[in-house]
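This explanation goes through the pockets of the structure and then turns to a patch on its surface. Please keep the sequence and the model in view while reading.

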Amino acid sequence: MLQICRNAGRMLFSSLKSTSVTQTAGLKVFPPPKEIGEIEYPERRKLRVIEKVPQFPPGLRAPTMQKRLRYMRGPENVHNFLMYRQYGIMATIGGRLKHNHFEMIRMKLLRNLDQDRMFAIWRVDAPWQPVTKKGTGHRMGGGKGSIDHYVTPIKAGRIIIEVGGTCEYFEVKRVLERIASILPFKAMAVSQEILDQKEAKENWLEENNDHLWTWKYMVKNNMIGCHKWISPSDKKWFNKHL
């Protein structure tokens, strides 16, 4: 009986030994860090506090304004590049920024950036366009309502903030994507390399497009009478912007 138990134990041990897996450490090779070179820092490395209400001269009443949606329609033609050629947040569609959005961006970057070797600057103006609002429970009519708050209109392609310093993109990518996801319009975290690749891709698609019936060609030649049903923005930007 004892011999039978010994033989059964040997057989079980041999089967476990044949199915066991031995882990071994492998050699990992990581690419060397990129050479950043000389970095030009601005005078102020932290984002300044943005005023909630624009300052007017004494005795001047704050003027009201129409909606003027043209301020946030179409592409941005001026502030659509990175001055320090590093990283930032770019709006992909038009929208408006309130004062609480400025404070959200400032506090998140203040907590997540290393101020000794990184910097951040604003690329948008402080809130300046007044937005009026009727009081709760008031009937419509009776003239324009009083100013409720101020906003900054943003166009597609506008750089909102710019981040740089002695750092790589993966160090700031997470916080930039988090900020972009909270903004009231669609935005994305970008680097100079991403912007260069995007521009090269658009140029390549435009040069190598063999299809003759492009949206631009059809709008310019009023194909199928499209001027009767397309919007004025499509006639101007050819279905690229709202």
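A pocket is here an open set of points on a 1 Å grid over the protein atoms alone, with protein on both sides within 12 Å along at least five of seven lines. A volume is the space filled by probe spheres set on the points. The model is a predicted one.

By this definition, the second largest pocket has a volume of about 410 Å³. Its lining consists of 17 residues, and Ile36, Arg85, Gln86, Tyr87 and Cys167 are the closest to the centre. By residue class, the lining of the second largest pocket holds 7 nonpolar, 3 polar and 7 charged residues.

The largest pocket has a volume of about 1200 Å³. It is lined by 32 residues, and those nearest its centre are Lys198, Glu202, Glu206, Lys240 and His241. At least two lining residues come from each of β1 (87-91), α4 (192-207) and α5 (215-220). Of these elements, α4 supplies the largest share of the lining, with 9 residues. The lining of the largest pocket divides into 13 nonpolar, 9 polar and 10 charged residues.

The loop between α4 and α5 contains Trp213. On the surface, Trp213 forms a nonpolar patch with Leu212 and Tyr217, and together the three have about 370 Å² of accessible area. How exposed is Trp213? Trp213 has a relative accessible area of 47%, so it counts as partly exposed, since the exposed class begins over 50%.

Note on methods
Residues are numbered from 1 along each chain as its sequence is written. This is a predicted model: local features need pLDDT of at least 70, side-chain atom pairs count only at pLDDT 80 or more; totals for chains, interfaces and linings use all residues. Side-chain values use heavy atoms; hydrogens and water are left out. On a 1 Å grid over the protein atoms alone, a cavity is a set of points where a 1.4 Å probe fits but cannot get out, and a pocket is an open set with protein on both sides within 12 Å along at least five of seven lines; lining residues have an atom within 4 Å of a point. Helices (H or I, at least four residues) and strands (E, at least two) are DSSP runs, numbered from the N terminus. Ala, Val, Leu, Ile, Met, Phe, Trp, Tyr, Cys and Pro count as nonpolar, Asp, Glu, Lys and Arg as charged, and the others, Gly among them, as polar. Patches are made of residues with over 30% relative accessible area and no salt bridge: like charges are joined within 9 Å, nonpolar side chains (Val, Leu, Ile, Met, Phe, Trp, Tyr) within 5 Å. Accessible areas come from the Shrake-Rupley method with a 1.4 Å probe; for residues, only the protein chains shown count as cover. A salt bridge is a side-chain nitrogen of Lys or Arg within 4 Å of a carboxyl oxygen of Asp or Glu. Buried means under 20% relative accessible area, exposed over 50%, partly exposed in between (1.4 Å probe, protein chains only).
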